[in-house]
2 protein chains.
Amino acid sequence: MPETPRRPDSRYGNRPTMKDVAARAGVGLKTVSRVVNGEPGVTPETERRVQESIEALGFRRNDSARVLRKGRTASIGLVLEDLADPFYGALSRAVEEVARAHGTLLINGSSAEDPEREQELALALCARRVDGLVVIPAGDDHRYLEPEIKAGVATVFVDRPAGRIDADCVLSDNYGGAREGVAHLIARGHRRIGFIGDMPRIHTAAERLRGYRTAMQDAGIPVEDAWMSLGATDPQRVRHAAEEMLSGPEPVTAVFSGNNRVTVTVIRVLAERTRPVALVAFDDLELADLLQPGVTVVAQDAAALGRTAAERLFRQLEGGLATPERIELPTRLIARGSGELPPAD
Amino acid sequence: MPETPRRPDSRYGNRPTMKDVAARAGVGLKTVSRVVNGEPGVTPETERRVQESIEALGFRRNDSARVLRKGRTASIGLVLEDLADPFYGALSRAVEEVARAHGTLLINGSSAEDPEREQELALALCARRVDGLVVIPAGDDHRYLEPEIKAGVATVFVDRPAGRIDADCVLSDNYGGAREGVAHLIARGHRRIGFIGDMPRIHTAAERLRGYRTAMQDAGIPVEDAWMSLGATDPQRVRHAAEEMLSGPEPVTAVFSGNNRVTVTVIRVLAERTRPVALVAFDDLELADLLQPGVTVVAQDAAALGRTAAERLFRQLEGGLATPERIELPTRLIARGSGELPPAD
DNA sequence: TAGAGCCTGGACAACGTTGTCAGATGCAGG
DNA sequence: CCTGCATCTGACAACGTTGTCCAGGCTCTA
């Protein structure tokens, strides 16, 4: 009994393969591969025929197969919190540029600040065999990445450190920046200074809070609980917190805002008040200099964070790195007016 | 003479494969595949053994091989201009959410407004066999995508239409929005109205300019060349253009700004002047309502653009679409003060 | 206890590419 | 004309996965 011919499985809308190109050009499969990859050892005449055949068929090399064979994908992954946030947008773009310079594609995904989604994304990227991974952690336990790292996936954490594993990370000096910003307010004579930040389980938020506390302590000012708000950064909660600490018999005369999302809400609340309240904000904002008064900020350099992390990643891939390191980038205080207002008791 | 054993080619840092997992669990290869993919037909006991083996070895399925076999990558590509621009960040995020709902990964790349780079990126994504492509065009000739589309890559253009090919596209009503914005100024009594926009080779810029011209014409106001600036959107050029049209014996009393990059510079220039000048800007800005005066804008909905495009893409993939369509989303005029200033001659 | 039918598990080919290696061809020198 | 060498070319296996198909063991019924 003759073999029944197998029906081919579904293919990518029936795209031509090297085999098809070879058949049309009347050459061997490997010769096409050589032409496509610019390898030497092909007569100009043969090459011409192959090129013509490629054009005619609209052939495009299937990188999945290539990857399978070669073991390198020439792609890296970036897990961040939310691409719609300009801070992460700038960071992502910086990583992309470094990747591009290394002939590498960047795949990024948003975790939406959800640890589970972070893990899901990171592992999906590993399953696609990205060569490396830049992670802006949402969760605080990254042991799930251990097998991947051991298997050779270069990994760098940015903005927040890795949890429970030893890995490269690139951070801003959150503690130092916040401390400097609060000290700036104290130097202008403020004593009752509010702090509105994100949930302290987030490393950056915790560090900034620590900077606030230290600055206050350095100045010998006991901090009252009513001055601090630590929680989600949705407008409603922030608004409520701000209004709370601005009212009562002993309201704060200045506010330190823990991140850009908090800041936009705080600015709105302050704009509704008549009594001037000083403000220093962590993270810079577009147009911050054009508000009345201009917003004094502790700026971090998102692009530098991304660039540094990506460069470190490629150094890992080139095999030139010994032990994980923690790199901290400085922040910069930019005085624009809001942070220089005197206390108005 | 005995066969010399082949040395294995380089592999991904020697990751375990299904074969390894099968060997350790004492089962067949296909059984592991079944467990990994949750296919039926495996005894609980066998499944347990396999799971244990997977854990122990730190196995992760190789999606490249899977893709090769299955023909679908469960990923789509997004070619945009610059992720660091909040407008595109929001758009990208919206596309990502739709993709995620379809179990699909999003790969995005920045063209930096360079047509060649756009093409390079789009084709690189096709080589990775993305199932679909969302493109925010930088160039104006997309015939290079024809073979891909014919081969089954679903394609949707956003923000700007495709050039020289027939394809789905999702746009904002740039013409109508600009026209409405300029008419808004005319209704407040302005006649000398400046327009500062991007290079007219960019579709959105051309359409907005057309809206400006139409609104002026509708009001019977002849437009003078000195009122229009069409070119790159770097701060220096924009600043120069703005200062130019604000000085001289017959300066403009209002400015229509063609996009968000232009707007930030125009605001700066206006803030330096004492004579109030009205402003309506295309694209919304964070904090635009907190400036003095608040900035009146013609807002487009980046998220809606992205969402609509992505949904259309998946409809294409499900095969439910007949002919390419051009979808236009409305813009929204938001009056905040700057656009309601009367002319100050 | 035999036969039918179901369930589980495994052997094998195929996806499209690249690395290896050996065969074919051409040319110069003896 | 043959040999040796360099240059081109193609056959073949392998990458890790999944689809197909069949074998073997089990239960159930007559």
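Contact here means that heavy atoms lie within 4.5 Å of each other. The legends below describe close-up views of a predicted model.

**View 1. Tyr212(A) and the largest nonpolar core.** Leaving aside the neighbours within four places in sequence, Tyr212(A) is in contact with Ala178(A), Val182(A), Ile193(A), Gly194(A), Phe195(A), Val223(A), Trp227(A) and Met228(A). Tyr212(A) and Tyr212(B) are the residues with the most contacts inside the largest nonpolar core, a group that has 88 residues. Apart from that core lies another one, of 50 residues, and among them are Leu83(A), Ala154(A), Ala302(A) and Val170(B). In soluble globular proteins, nonpolar side chains tend to be buried together.

**View 2. The domains of chain A.** The domain assignment divides chain A into domain 1 (18–61), domain 2 (73–172 + 303–329) and domain 3 (174–301). Between the C-alpha centres of domain 1 of chain A and domain 3 of chain A there is a distance of 64 Å.

**View 3. The open sheet of chain A.** In chain A, six strands form an open sheet with parallel pairing, and their order is β2-β1-β3-β4-β5-β11. At the edges stand β2 (105–110) and β11 (326–329) of chain A, each of which pairs on one side only. From one strand to the next, the twist averages 15 degrees. Strand β5 (residues 168–172) of chain A runs parallel to β11(A), and four bridges join the two; Ser172(A) has Leu329(A) in β11(A) as its bridge partner. Helix α6 (residues 115–127) of chain A packs on this sheet, where it touches β1 (75–80), β2 and β3 (132–135) of chain A, and its direction makes about 175 degrees with that of β1(A).

**View 4. The open sheet of chain B.** Chain B has an open sheet of six strands, paired in the parallel sense and arranged in the order β2-β1-β3-β4-β5-β11. Its edge strands are β2 (105–110) and β11 (326–329) of chain B, since each is found to pair on one side only. Direction ignored, neighbouring strands of this sheet are turned by 15 degrees against each other on average. Helix α6 (residues 115–127) of chain B packs on the sheet and touches β1 (75–80), β2 and β3 (132–135) of chain B, while its direction makes about 175 degrees with that of β1(B).

**View 5. Strand β2(B), an edge strand with both faces covered.** Although β2(B) is an edge strand that pairs on one side only, six of its six residues are buried. Leu105(B), Ile107(B) and Gly109(B) are buried on one side, and Leu106(B), Asn108(B) and Ser110(B) are buried on the other. In a regular strand the side chains alternate between the two faces of the sheet. The pairing of β2(B) with β1(B) is parallel and extends over six bridges, and in it Val79(B) has Gly109(B) as its bridge partner.

View 6. Arg24(B) and Glu52(B) meet through their side chains in a salt bridge of 3.2 Å, N to O. This pair links distant parts of the chain, with Arg24(B) in helix α1 (residues 18–25) of chain B and Glu52(B) in helix α3 (residues 44–57) of chain B, 28 residues apart. Arg24(B) is partly exposed at a relative accessible area of 46%, and Glu52(B) also counts as partly exposed, at 39%. A second salt bridge joins Glu45(B) and Arg49(B), whose closest N and O atoms are 3.8 Å apart. Both of these residues lie in helix α3 of chain B, four residues apart, which is about one turn of the helix.

View 7. The side chains of Glu328(B) and Arg326(B) form a salt bridge of 3.9 Å, N to O. Glu328(B) is partly exposed at 41% relative accessibility, as is Arg326(B) at 48%. In chain A, salt bridges that share partners join Glu81(A), Asp85(A), Glu113(A), Asp159(A), Arg160(A), Asp198(A) and Arg261(A) into one network. Over all chains, a search of the whole structure finds 56 salt bridges.

Conventions: Residues are numbered from 1 along each chain as its sequence is written. Chains are lettered from A and ligands numbered from 1 in the order in which they are written. This is a predicted model: local features need pLDDT of at least 70, side-chain atom pairs count only at pLDDT 80 or more; totals for chains, interfaces and linings use all residues. Side-chain values use heavy atoms; hydrogens and water are left out. Two strands pair if DSSP finds at least two bridges between them. Axes are lines fitted to C-alpha atoms, for helices over the stretch in contact, and angles run from 0 to 180 degrees between N-to-C directions. A nonpolar core is a set of buried Ala, Val, Leu, Ile, Met, Phe, Trp, Tyr and Cys residues joined through side-chain atoms within 4.5 Å. Buried means under 20% relative accessible area, exposed over 50%, partly exposed in between (1.4 Å probe, protein chains only). Domain bounds come from an automatic or database domain assignment. A salt bridge is a side-chain nitrogen of Lys or Arg within 4 Å of a carboxyl oxygen of Asp or Glu.
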